[in-house]
Amino acid sequence: MRSLTLRCLLPALVICAGALSAGASGDTILGVWMTQPTDKGWAHVEIAKSGDRYHGTIVNLDNPNFPAGDPMAGKPKVDRENPEASLKSRPILGLRLMDGFTYAGDGVWEDGTIYDPESGKTYSCKMTLVGDTLKVRGYIGISLLGRTTEWTRVPTH
């Protein structure tokens, strides 16, 4: 009788454990990530989850103010390249630049978009997590026509 109970219970436990790990693995992307540094600096992007979708918000900037020589030198950076006039004055700090990602499995999040405040353009986006490196690929149309940057996880204190 004990053997029969174990044979019935074991498959159910395996299924439940698989379901729990599948749900949890999608959340491994949650946290703060540092963008790949450029000549304009880096940003920290916090990836969070709403329902079953993931999004990213800028929470820190290497250079939060416009640089010397810029017409807005010394002032906090705003979304001045945005094609919508009503959005040109919104602050970059606190800007949601990634939206709509779903977890596809195997460390891949897809079907999202990423906004580039330097150009004012929005691109389709896919993310792949490899260890503590997040490969963020923005593209137009198909993923082959795009660019990948690598972000690193910011340790929590």
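Strands here are DSSP runs of E, at least two residues long, numbered from the N terminus. With that in hand, welcome to a predicted model, in which Leu 144 sits in the loop between strand 7 (133-139) and strand 8 (146-153).

**Strand 7 and its partners**
- Strand 7 is largely enclosed by the rest of the structure, because 5 of its 7 residues are buried.
- On one side, strand 7 pairs with strand 6 (residues 121-130) in the antiparallel sense, over 7 bridges, and Cys 125 stands opposite Gly 138.
- The hairpin of strand 6 and strand 7 has 2 residues between the strands, and Gly 131 in its turn shows a positive phi of about 65°.
- Strand 7 also runs antiparallel to strand 8, joined by 7 bridges, with Val 136 opposite Thr 149.
- This second hairpin leaves 6 residues between strand 7 and strand 8, and Gly 141 in the turn has a positive phi of about 80°.

- Leu 144 counts as exposed because its relative accessibility is 72%, and exposed means over 50%.
- Together with Ile 142 and Leu 145, Leu 144 makes a nonpolar surface patch of about 350 Å².

**Around Lys 88**
- Lys 88 belongs to the loop between strand 3 (53-61) and strand 4 (96-105), and its 33% relative accessibility makes it partly exposed.
- Beyond neighbours within four places in sequence, Lys 88 contacts Val 78, Asp 79, Arg 80, Glu 81 and Asn 82.
- A polar atom of the Lys 88 side chain lies 3.2 Å from the backbone oxygen of Arg 80.
- Val 78 is 10 residues from Lys 88 along the chain, and their C-alpha atoms are separated by 6.7 Å.

Definitions and conventions. Residues are numbered from 1 along each chain as its sequence is written. This is a predicted model: local features need pLDDT of at least 70, side-chain atom pairs count only at pLDDT 80 or more; totals for chains, interfaces and linings use all residues. Side-chain values use heavy atoms; hydrogens and water are left out. Patches are made of residues with over 30% relative accessible area and no salt bridge: like charges are joined within 9 Å, nonpolar side chains (Val, Leu, Ile, Met, Phe, Trp, Tyr) within 5 Å. Accessible areas come from the Shrake-Rupley method with a 1.4 Å probe; for residues, only the protein chains shown count as cover. A salt bridge is a side-chain nitrogen of Lys or Arg within 4 Å of a carboxyl oxygen of Asp or Glu. Helices (H or I, at least four residues) and strands (E, at least two) are DSSP runs, numbered from the N terminus. Buried means under 20% relative accessible area, exposed over 50%, partly exposed in between (1.4 Å probe, protein chains only). Contact means heavy atoms within 4.5 Å. A polar contact is a pair of N or O atoms within 3.5 Å; within protein, one must be able to donate a hydrogen and the other to accept it, and residues adjacent in sequence count only if both atoms are side-chain atoms. Two strands pair if DSSP finds at least two bridges between them.
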